[in-house]
Amino acid sequence: MAESGELGEPARNRHEVGAARRRKEDARLVTGRTRWTDNIQLPGMLYVAFLRSPMAHARVTRVDASPALHRPGVVAAFTGRDLAGEQGSLPCAWPVTEDIVVPAHPPMAVDEVRYAGEAVACVVATDRYRAYDALESIEIDYEPLPAVVDMNAALEDDAPRVHEEGNRAYVWKFGTGDIDAAFRDAPVVVERTFVQQRLIPTAMEPRAVVAQTDGDSFTLHSSTQVPHILRIMLATVTGIPEHKLRVIAPDVGGGFGSKLQVTAEEVLLLLLARRLGKPVKWTESRSEGNLTVHHGRDQIQRLSLAAEADGRLRGLRVDLLADMGAYLMLITPGIPILGAFMFNGIYKMDAYDFTCTGVFTTKMPTDAYRGAGRPEATFAIERLMDELAAELGLDPIEVRRRNWITRDEFPYTTVANMTYDSGDYEAATRKALALFGYDKLRAEQSERRDRRDPVQLGIGVSTYTEMCGLAPSRVLGSLSYGAGGWEYAAVRMLPTGKVEAVTGVSPHGQGHETAWSQIVADALGVPFEDVAVVHGDTAIAHKGMDTYGSRSLAVGGVALVRACDKVREKARHVAAHMLEASAEDIEFSEGTFRVRGTEAGTTIQEIALAVFGAHDLPDGVEASLDSDATFDPDDFSFPHGTHLCAVEVDTETGATSIRSYVAVDDIGKVINPLIVEGQVHGGIAQGIAQALFEEAVYDSEGNLLTTTMADYLLPSAADLPDFVTARTETPATGNPLGVKGVGEAGTIASTPAVVNAVVDALRPYGVRDVPMPCTPERVWRAIQGGAS
């Protein structure tokens, strides 16, 4: 809570960092009175609609867009063949192995379509509805080819090929220790196969793109998470010189990784603006988005865990099949590789063996989705730990205690060669157990089982960690990632003492403007209200690595601190001159420079005005306090925590309801607890959605069956419980803020907690797993199968 007693307003003379400030951007975001991409209206603007393949796999034998030109309001119509000479190939920036297959990926199909929804033609018209109506006039013939939808079948020698090179995109291996020795004569071996179902990211704001040209210069507005990366990649694909291309991400209504992409529509709208010399706009419909937003997850995990008779772990084998979809998009192949370093979780073991096979199918490509590889890994190890506990007749908490890294062992280098800098798993778990009432719930569970209550109680545990703050650049380079992990920030002191903080990270709802204002206010000793945060425009925030992987604060926030340090150092020399003292005798506190041991002083805001006037600056001092900085961390950061879930399962109908949920997270130092609460609540909701509700379903012909919100089930507030949240705090040691990251924590932790709870409720019925999502039908069928 805030110090003043009124939520959201910190007490006077208190530090901003740690205060529960209400988000300053919410006044415009929550009311919708802001500039979204779809709000943009430009003189003479035209509207684009795309004709999309109804078939998952087919040759395009004939396409004629000319009939659309006779429809009212239509200005132009193009096919893939019309654009073939200039559209290039969408980029893959993460070729994880030297022999990886990276097929050409035209933004608009020319000769062959490889997933339902792939663009095959487009219409440009004077309004959106005329453009969509004219699509039905385009004449197109397909020669059907076999669909490939099952990963196991795709790897058979006689399987139909998605690409001429075959269906195996790559095989990536990693291992440490003697895995054969770990399994040899192991008293306990737990083997399971888990499926991470395919998910469809569903941001509040659909994707939208506006492209315009002014002579030889171009401006692209897009609802993107990555304006800087997008600018570089678009310049590469289209041949537009980078310095002639401006990318703007206005306020963006959610992303969750789905807007960490270089999309076909972004490329094509630039090309259309160049061809027509007029601004063009495209906004997707929800059904269009379900088809063509890159999907998430979609893995088959074959797992083996070796342990001693007392539950202590010996080794872990992971054999992963990862569905790439039809093409490799921006970081598609690297997503499961991120998870490779997290399958061991918080646990100690002697050996680890990981193999990932990337598989092409005739589905929409997969790519980053909240957590990006780490939720999949956490699910696997946390489900395995519960299975091990059941095998040994141990409490799930106890089997974890016997294996987790203890507080006095940090920093600890794991079996996956990650060095965890700090943590206290015991403290987070102890607090979670107390808030949850664990022992009382276990007693109730036992009583219900004894009397064969048709509504059984299940208790799920997830003691997770994650690697976030995506960096450092050297590590990313060693993994063949096509960019660095550094971040950029700048601080501009205005003459009146106000401050503009420029950040290379690009928010899409996380509250950066508020948190960054708090950091700058403390670092420079200026009022919170005197700080404005600028982002998302490559002409203003001219460089950066953008927002994903819970890196904004742990990397971008630290870059901002470094820029503030430089501003203070510049101001210190001016203050010394103004106060007629040596710079070494100048002290800074709460916005004021003072001569050590005296009351003589001047504020940094007064110095900003003096520097603007420049009437009496020290020799050799430039008339500017403005400073910029980049930060490239030495390591990832590692938040952790314990999530506990209690569910009630009606064994007669299979219906599952969450009775209570407790989350205790350790994210290092907290900048704004209100923002943290929002991130945790949203993340938990997203993880619960995977456990109980969401699934992208394709039929055997490669048709997506869940194209609308009537088919793709998202939880509402009525489907979710009140969350009890709390924190422990072990500061990160790798950055001066001590922060670790929170954006993905709830999603990573919650899915295994919920599924563990469902399976726990059903163990008396012989059930060892329920495939996600744990719908009433699947729960009921698991009960019937277990009982038989």
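**Surface and charge**

I began with the surface: the protein exposes about 28900 Å², and carbon and sulfur atoms supply 49% of it. The areas come from the Shrake-Rupley method with a 1.4 Å probe, and for residues only the protein chains shown count as cover. I noted that this is a predicted model, where local features need pLDDT of at least 70, side-chain atom pairs count only at pLDDT 80 or more, and totals for chains, interfaces and linings use all residues. Residues are numbered from 1 along each chain as its sequence is written, and side-chain values use heavy atoms, with hydrogens and water left out.

Next I looked up the charges. There are 75 positive and 109 negative side chains, and the centres of the two sets lie 2 Å apart. Lys and Arg count as positive, Asp and Glu as negative, while His and the chain ends are not counted. Each charge is placed at NZ of Lys, CZ of Arg, CG of Asp or CD of Glu.

**Overall build**

I found 20 helices and 28 strands; these are DSSP runs numbered from the N terminus, with helices (H or I) of at least four residues and strands (E) of at least two. Of the 788 residues, 62% are buried (buried is under 20% relative accessible area, exposed over 50%, partly exposed in between, with a 1.4 Å probe and protein chains only).

**Salt bridges**

How many salt bridges does a search of the whole structure find? I got 67, each one a side-chain nitrogen of Lys or Arg within 4 Å of a carboxyl oxygen of Asp or Glu.

I looked at glutamate 143 and arginine 59, whose side chains meet at 2.9 Å, N to O. This pair links distant parts of the chain, strand S6 (residues 139-144) and strand S2 (residues 58-64), 84 residues apart. Glutamate 143 is partly exposed at 35%, and arginine 59 is partly exposed at 39%.

Then I turned to aspartate 298 and arginine 198, a salt bridge of 2.6 Å, N to O. Aspartate 298 sits in strand S13 (residues 296-307) and arginine 198 in strand S8 (residues 188-199), 100 residues apart. Are they buried or exposed? Aspartate 298 is buried at 9%, and arginine 198 is buried at 3%.

My next pair was arginine 448 and glutamate 648, bridged at 2.6 Å, N to O. Arginine 448 lies in helix H13 (residues 438-450) and glutamate 648 in strand S26 (residues 640-650), so the pair ties together parts 200 residues apart in sequence. Both residues are buried.

Last, I noted a network of salt bridges that links Arg52, Arg207, Glu265, Glu284 and Glu288.
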